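Please work through each task before reading its solution.

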2 protein chains.
Amino acid sequence: MRIRTKVLAVAALSALMATSAAAGTPRDAVRAWRKAHEKEIVADFSALLSLPNVATTLSDVEKNADYISGLLQKRGFKTQLLRAQPGTPPSVLGELKTPGAKRTVVFYAHYDGQPVGQQGWLTSPFQPTMRTALPDAKTVDWQGAAGPLDPDWRLYARSAGDDKGSIQVMLSALDALKAAGIKPSVNIKVLYEGEEEQGSAHFAELVGKNLALLKGDLLIMGDGPMHQSGKQQINFGNRGITSFEATVYGPLKPLHDGHYGSWAPSPTVMLASLIMSLRDETGHILIPGFYDDVTPVSEADKAALAALPDVESDLKKALGLGRNIGGPRLADGYLQPTLNVRAIHAGDTGPQAANAIATEGRLSVDFRLAPGETPAKVKELTEAYLTAQGWFIVRDTPDLATRLAHPKILRLDWEEGGSIATKTPMDGPAADAVAASIGRTVGYPVLKLPIVGASSGMADIVNQLKVPMVGVSIANYDDNQHAMNENLRLGNLWDGIEVYAGLVSDLKW
Amino acid sequence: MRIRTKVLAVAALSALMATSAAAGTPRDAVRAWRKAHEKEIVADFSALLSLPNVATTLSDVEKNADYISGLLQKRGFKTQLLRAQPGTPPSVLGELKTPGAKRTVVFYAHYDGQPVGQQGWLTSPFQPTMRTALPDAKTVDWQGAAGPLDPDWRLYARSAGDDKGSIQVMLSALDALKAAGIKPSVNIKVLYEGEEEQGSAHFAELVGKNLALLKGDLLIMGDGPMHQSGKQQINFGNRGITSFEATVYGPLKPLHDGHYGSWAPSPTVMLASLIMSLRDETGHILIPGFYDDVTPVSEADKAALAALPDVESDLKKALGLGRNIGGPRLADGYLQPTLNVRAIHAGDTGPQAANAIATEGRLSVDFRLAPGETPAKVKELTEAYLTAQGWFIVRDTPDLATRLAHPKILRLDWEEGGSIATKTPMDGPAADAVAASIGRTVGYPVLKLPIVGASSGMADIVNQLKVPMVGVSIANYDDNQHAMNENLRLGNLWDGIEVYAGLVSDLKW
């Protein structure tokens, strides 16, 4: 697929450029150490990935926290486990002071992972497996391989890209710097969260209770994939999120659709009508007032978006898309809200299909919120609109009296909490320092993305810590995060180690 | 539930009226015999229902055919198995000549059944189980019961209502008449089909190859449920049917909907848009020209529909519906086409739900065809419309080049064959004789339904046999046909025996 060829071309070019641009950075020393220790790094990473870490299994999450604490202690960190409340998932706080350093940088990542029940895992999600480049993805005996490991090989495991990779590159960067005799230039705090994939329900409270411990001058958010071009990028926030599951109701029991189809309301059609009343095919949201709170896009943000390299035509080819919706550029929609219909289900298909009117239908929706919007206001606008459309909104399965009293009943189950968008300034000394450090490491100007399309609960954290935040991602964009066959490309692991080595030893402001 | 109370009231009333109207019919003799043999009848029916008969398992279908042939032979029938081709499901033909009879009546039913994989069967579908009236549905030891069996008890098993019940009432009616020394007044042919629930793919061919054997003066079609009022009804046809499964395509792999939701087309939304382009919420079909071929409803049919008793408000209560679509009367839509969206599925829900754009979405649709329409024309109109709407229609999973060349791709898999509607005249000597015979048995004027909403392949049969056809149903309307917990109410079984005894010994034209 051409997208991969382009990534390779960019990678080769940047390697070439980097060779001539690395003066003054630890990059060459780090690279030399990495080349001599590739198998050890992969072995360490595999050990970390082999620990089951599905966010909903607290006992597994705790084992990861203890294991990561041990890894940090070996590198000289003082560690402790922070919790919002007893019985909630721990975050690992590690602190490594640098004598004489003026600045303290807090590095965020999360060590918990998404569920693993998806169909189609090539190998077990907690048996990390090396595979050749796509589309072959054949298993490789990397331990027995002679010479350097192919940077296009990928290590497959849950959380390889999201987000244990960010933890591994920090650990390996410190190992490389120590071997090269290069000291960090800043005080380092790591804050590794354990409930991100459960929606960070307790994370803001955890941070709020530990503000003194978490004090710093800069927050580096190490989550999410890199730019599709393969170029290193930094970002300055995430969209917010809120979501609901909806249920519509037909007859109390399935009805033969020959006898009743022209008379009994059909949940399948109700779902379709509901969706088309919420958004159109281009993605425009039809709820009145939905865009009123959206912060207008600044000229600086427009310029930054316009400066991103073109990836769209290659992406379409890689994804088999004959068109796109919204604006022509992928990132054009990131400063706007999006209504995603994640799933719709009603009725039987396949061998058990019956000519029947289903008893109910279900819909799963998430809203990605632009800066300026809040989950509470979105819920209010949505429910007011749906009520005006004739829906009677309930919170539980309606009883018979309710069913008979209301022609159109909609059960809405909103996700607890949700989050607003995070948006920090693209300029300022700390942000400039991050961009400059990464630029020195990779040898080209880092891409600046005003905001990423995905969501996180970082807004509450940034607001409480009152620090600039910069997002630094190291995972390949096609790492299958949240899905089956999650993976991290080895070349991204290598590059990430160099970037993080720069961030702890070559950050100047 | 009030609907049941009403059924009971009607049944009680009709029993009362029948007592005074039975003069000259075999009804009282048949009833007396039935009262003395209730447990034997139920035991015989249970034995018939305990034979697995899912239409897709040919070996099971064959065992049913052999068993039913034996039951017929015991009653003096000459039997043979008819097949369209070697290896296709057999129909059982049984012939019982009546010396001196001028008329031959062909009784149709089918002995195969729907799949049984539905969730929620109270007991195994092939272990017939007696249960008390709804909503309790508690198991009953009917074999140990003292006195008459409660007519509101129901026997639960696949095909109890659809359609082995029609076979049992014929067998028991003949037993009752024989015991009473009453001879049939017509030559009887029974034609029991074995692939109705597979769509009768070979049945028209089977009939066409055996026209001489199947010659008769009247075809009585013994399938489908009774009127919701609990009154005996006869019908004069079925709607036709054609159906398709549709697949729409998103990205080749699931995409994080935060990063890609505003740019990548979503299969969930495509499905919703597709549905709302095909029909509106009231059931009106939006395909241009779709109603052009529909035969206008005659004044006689309008009058017959208007004469049906009101069941709608009780039905809504029983089904938990706060509204209906289409016309106010259930049967008003039966002479019009209906587009049913049987199922829609895309994306994950529940614990494995991901914030992802699905790779594809699926839709299952059937059209119930009014008199005048054909499956071929419906397919043509539908595909022309969808093409005009921008869909590129394919027959297989599209390859990458196809995906890239067409913005909107729709895979359509049409059901083989389908059928046109069957519609025979509501008057004429044979039809009048059937109505009169049933009227004498039940003691009130039988309801006349111009057409039933469901479909069958009988049009081809009627056209080939060139005989009047009348549909006579005996199953309770709420027999859960095609679903879990299919059942036949005992009172319906008793009434059906009397109706069939009348049809073979008291049919005069």
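A polar contact is a pair of N or O atoms within 3.5 Å; within protein, one must be able to donate a hydrogen and the other to accept it, and residues adjacent in sequence count only if both atoms are side-chain atoms. The model is predicted: local features need pLDDT of at least 70 and side-chain atom pairs pLDDT 80 or more, while totals for chains, interfaces and linings use all residues. Residues are numbered from 1 along each chain as its sequence is written, chains are lettered from A and ligands numbered from 1 in the order written, and side-chain values use heavy atoms, without hydrogens and water.

**Exercise 1.** Determine how many residue pairs are in polar contact across the interface of chain A and chain B.

*Solution.* 
1. On the side of chain A that touches chain B, 40 residues are nonpolar, 31 polar and 19 charged (nonpolar: Ala, Val, Leu, Ile, Met, Phe, Trp, Tyr, Cys and Pro; charged: Asp, Glu, Lys and Arg; polar: the others, Gly among them).

**Exercise 2.** Count the salt bridges between chain A and chain B.

*Solution.* 
1. The criterion is a side-chain nitrogen of Lys or Arg within 4 Å of a carboxyl oxygen of Asp or Glu.
2. The count is 2.
3. One of them joins A:Arg368 and B:Asp257, whose closest N and O atoms are 2.6 Å apart.

**Exercise 3.** Identify the sense in which strand 11 of chain A and strand 11 of chain B pair.

*Solution.* 
1. Strands are DSSP runs (E, at least two residues) numbered from the N terminus, and two of them pair if DSSP finds at least two bridges between them.
2. Residues 338-346 form strand 11 in chain A and strand 11 in chain B; the two pair in the antiparallel sense over 3 bridges.
3. Within this pairing, B:Ile344 stands opposite A:Ala346.

Notes: Helix = DSSP H or I, 4+ residues; strand = E, 2+ residues; numbered from the N terminus.
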